[in-house]
Amino acid sequence: MTEASYAERARAKKTAQANALGIDDRLISNLVETFYDSIRSDELLGPIFMAHVADWTPHLARMKDFWASVTLESGRFRGNPMLKHIAIGGLDTMHFDRWLVLWNQTLDDIAPSEAAAQVFRQAAQRIAESLLTGIKVQRGGLDSISNRKEK
């Protein structure tokens, strides 16, 4: 019998910690389904998503895999969110701010505890900041980041 690698032990530890907070595939599925219901009916974000998502079933499955990878270390997600968001065009701070508002409202409604909600909130904040930074760099180079921080 072989000993688990450091990476396997780290993944198992993260999964166990998340499960102890009530984070599991069932919660992630409910979170993603509920969140994207609010996205679709949102005046700002709904039209953007409707223009880029032709079939919601695979999109939702992909987002469930993404959030499972983020919170449970499932390793199920494969892809490049940065390229997808850069390709949309026109995304800016107001879009990511609204995305976070809807995300946090969804968490307020369904997270089993504030500790579980915080795991998702912190990850979403990092993701939004990273995507927005990447988009701004793509549009205006590194100067666009320093200009954003000065505001």
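## A first look around Phe120

Phe120 touches Ile23, Leu27, Ile28, Leu31, Trp67, Thr71, Trp103 and Leu107, leaving aside residues up to four places away in sequence; a contact here means heavy atoms within 4.5 Å. This is a predicted model, where local features need pLDDT of at least 70, side-chain atom pairs count only at pLDDT 80 or more, and totals for chains, interfaces and linings use all residues. Residues are numbered from 1 along each chain as its sequence is written, and side-chain values use heavy atoms, with hydrogens and water left out.

Is Phe120 buried or exposed? Phe120 is buried, with a relative accessible area of 1%; buried means under 20% relative accessible area, exposed over 50%, and partly exposed in between (1.4 Å probe, protein chains only). Phe120 sits in helix α7, which covers residues 114–140. Asn19 is 101 residues away along the chain, and its C-alpha atom is 13 Å from that of Phe120.

Now for the whole chain. Its secondary structure is 8 helices and 0 strands, where helices (H or I, at least four residues) and strands (E, at least two) are DSSP runs numbered from the N terminus. Among contacts between residues at least 6 apart in sequence, 70% join residues at least 24 apart.

Here are some values for the chain:

| Property | Value |
|---|---|
| Span of the C-alpha trace along its principal axes | about 50 × 35 × 30 Å |
| Buried share of the 151 residues | 33% |
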